[in-house]
Amino acid sequence: MFIKLMMFASLMAGVFCSPNSKRLPYGAPPKIEYTEIPHCAKNTTKAWCLEDSEYPQHEVQQALDQHYQAVLAFYKEKLASTENSVNELDKFNDEVYLCPSSTDYVRPLRAINVEGKWRIIVNRIESYGVKYTQTARIEECNVVVGTSCPLVPSCHESKCIQKNIFHRFLVYNPYDYTFPFTIEKFRLPGSCGCVVGAFHL
C-alpha cells in the first residue's frame, strides 16, 4: 500500500510540475524592471531630465543613509570644471568650431542608460554630510546632423555629425530591496564633429 501511494504522489507531481518552468532560488525576490517613461520626459526629446517633480528625493536619501558605507566605497563625486584645457585661449570667442554647437554642464535627475531604460540618478542629495553630485559635460549640434559644415569650403565634401560620450552614474533602483544602488553607463552628446571628405572642383 505504501509503495502504491508513493507512485501515485510521484505521478501527480509530474502532472502539475512543468519541466520548462523557471524557479527562483529560495528566498530570492523576483527581479522587477522599471521601464516606464517618467513624467519629466513626456514633453521632450532629450534622453535626460534636469528637472523632475516626481523625483523620489526622500526615498533616495533614506536609502543613502541606510547604506552609507557601502555607497561611499564605490562613489566618487564628480565636480564640473569649465576651465579651458588650452592655455593660449583667453576668450570663448577665440575657439572656432567647424559645426556650431551648444555646450552645457548638467546634473541629470533621470536619464536613459545604454540599454534604453530610464534610470533614477543620484544627484543633488546630501547624506551624512556628503553631497552627491554627478556632473556631465554635453555638447549638442546646433545644425541638422548630416548637413554640410558651414565653415568648410564647398569644394570639399563635408557633414556635421553628433558624437557621443559614455558616462558612468550612480543610480537608484527602487525595486532592489537588498541594495538599491549601482553604477550604470549612459550615452550623452559629447561633441559636434565635422567629417571632411573628398575634394572636387
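A quick word on terms before we start: a residue counts as buried under 20% relative accessible area, as exposed over 50%, and as partly exposed in between. With 36% relative accessibility, Ala 70 is therefore partly exposed. Keep in mind as you look around that this is a predicted model.

**The sheet**

- Start with the open sheet, where 5 strands line up in the order E1-E3-E4-E8-E9 with antiparallel pairing.
- At the edges you'll find E1 (48-49) and E9 (181-199); each has a single partner strand, so one side of each has no neighbour in the sheet.
- As background, strands of a sheet pair through backbone hydrogen bonds, and they can do it parallel or antiparallel.
- Further in, strand E4 (residues 118-121) and strand E8 (residues 156-172) run antiparallel and are joined by 2 bridges.
- Ile 121 has its bridge partner in E8, namely Val 171.

**Helix H2 and its two faces**

- Which residues of helix H2 (residues 57-66) are buried? They are Val 60, Ala 63 and Leu 64.
- These residues sit on the same side of H2, because they cover an arc of only 100° around the axis.
- Among the elements covering the buried residues of H2 are H3, strand E5 (125-127), strand E6 (130-132), E8 and E9.

**Ile 125, a buried spot in E5**

- Ile 125 belongs to strand E5, and its relative accessible area is 2%, so it counts as buried.
- What does Ile 125 touch, leaving aside neighbours within four places in sequence? Its contacts are Tyr 55, Gln 57, Val 60, Gln 61, Leu 64, Val 130, Lys 131 and Tyr 132.
- One of those contacts, Leu 64, is 61 residues away along the chain, with 9.2 Å between the two C-alpha atoms.

- Ala 70 and Phe 179 are 109 residues apart in sequence, and their C-alpha atoms are 9.0 Å apart in space.

**Rings and a charge**

- There are 4 aromatic pairs in the structure.
- Tyr 68 and Tyr 128 make an edge-to-face pair, at 5.1 Å centre to centre and with 65° between the planes.
- Since Tyr 68 is in helix H3 and Tyr 128 is in the loop between E5 and E6, this pair ties together parts that are 60 residues apart in sequence.
- Tyr 68 is partly exposed, at a relative accessible area of 21%, whereas Tyr 128 is exposed, at 58% relative accessibility.
- Another aromatic pair, Tyr 172 with Phe 181, is tilted, with 5.7 Å centre to centre and 50° between the planes.
- Are Tyr 172 and Phe 181 buried or exposed? Both are buried.
- Tyr 172 and Phe 181 also join Phe 179 in a cluster linked by ring pairs.
- Finally, look at Phe 166: the charged end of Lys 185 sits over its ring, 6.0 Å from the centre.

Key: Residues are numbered from 1 along each chain as its sequence is written. This is a predicted model: local features need pLDDT of at least 70, side-chain atom pairs count only at pLDDT 80 or more; totals for chains, interfaces and linings use all residues. Side-chain values use heavy atoms; hydrogens and water are left out. Two strands pair if DSSP finds at least two bridges between them. Helices (H or I, at least four residues) and strands (E, at least two) are DSSP runs, numbered from the N terminus. Buried means under 20% relative accessible area, exposed over 50%, partly exposed in between (1.4 Å probe, protein chains only). The arc is that of the directions from the helix axis to the C-beta atoms. Contact means heavy atoms within 4.5 Å. Rings of Phe, Tyr and Trp (its six-membered ring) pair if their centres lie within 6.5 Å; planes under 30 degrees apart count as stacked, over 60 as edge-to-face and the rest as tilted. A charge sits over a ring if NZ of Lys or CZ of Arg is within 6 Å of the ring centre and within 35 degrees of the ring normal.
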